[in-house]
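Here are my notes on this model. Please keep the sequence and the 3D view open as you read.

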Amino acid sequence: QLQLVESGGGLVQPGGSLRLSCVASGFTLDYYTIGWFRQAPGKERAGVSCISSTGGNTKYAEFVKGRFTVSRDNAKNTVYLQMNSLKPEDPGIYYCAADRLVYCAGGISIPYDYEYWGQGTQVTVSS
């Protein structure tokens, strides 16, 4: 069974940091672009970042540039999202998604383009 599982979410104060992980089971991530998306209550799912299959290309949404860093360890079948300087507008459920055809160098793309999704992990930013 192909599965993505996110972890690492939680409650953090403004200015704090979290590192999200996305682990794949049932398939290898080696050939997949991974996207990170977030969804706040009442809002549409928005692209946050993507990383190409080799890690050679990354993209970030403007609202996280300079604060978030995406990386991957294909040997561990895991992708990470390091989130620093978290802001009150960053909360939501964060999802990772995988697809073999998404071209990260061209942009994060839309949720519809990704085939596999995790269940999400909740991020809360509050003092």
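Where does Asp90 lie?

1. **Ground rules.** This is a predicted model, where local features need pLDDT of at least 70, side-chain atom pairs count only at pLDDT 80 or more, and totals for chains, interfaces and linings use all residues. Residues are numbered from 1 along each chain as its sequence is written, and side-chain values use heavy atoms, with hydrogens and water left out.

2. **Asp90.** Asp90 sits in the loop between strand 8 (78-83) and strand 9 (92-99). Strands here are DSSP runs of E, at least two residues long, numbered from the N terminus. Asp90 counts as buried because its relative accessibility is 0%. Buried means under 20% relative accessible area, with a 1.4 Å probe and protein chains only.

3. **What Asp90 touches.** The side chain of Asp90 reaches the backbone nitrogen of Lys87 at 2.7 Å. Asp90 is also in contact with Arg38, Arg67, Phe68, Ser85 and Val125, leaving aside neighbours within four places in sequence. Contact means heavy atoms within 4.5 Å.

4. Four strands form an open sheet in the order 1-3-8-7, with antiparallel pairing. Strand 1 (3-7) and strand 7 (68-73) stand at the edges with a single partner strand each, so one side of each has no neighbour in the sheet. The twist averages 15° from one strand to the next; axes are lines fitted to C-alpha atoms, and angles run from 0 to 180 degrees between N-to-C directions.

5. **One pair in detail.** Strand 7 and strand 8 pair in the antiparallel sense over six bridges. To count as paired, two strands need at least two DSSP bridges between them. Asp73 stands opposite Thr78 in strand 8.

6. **The core.** The largest nonpolar core has 34 residues. Such a core is a set of buried Ala, Val, Leu, Ile, Met, Phe, Trp, Tyr and Cys residues joined through side-chain atoms within 4.5 Å. Leu4, Trp36, Leu81 and Met83 have the most contacts inside it. Leaving aside neighbours within four places in sequence, the contacts of Leu4 include Cys22, Phe27, Cys96 and Trp117.

7. **The whole chain.** The protein chain has zero helices and eleven strands. Its radius of gyration is 13 Å, close to the 14 Å that the globule rule gives for 127 residues, so it is as compact as a globular protein of that length. The radius is taken over C-alpha atoms, and the rule is 2.2 Å times the number of residues to the power 0.38. Of the 127 residues, 43% count as buried.

Terms used
Buried means under 20% relative accessible area, exposed over 50%, partly exposed in between (1.4 Å probe, protein chains only). A polar contact is a pair of N or O atoms within 3.5 Å; within protein, one must be able to donate a hydrogen and the other to accept it, and residues adjacent in sequence count only if both atoms are side-chain atoms.
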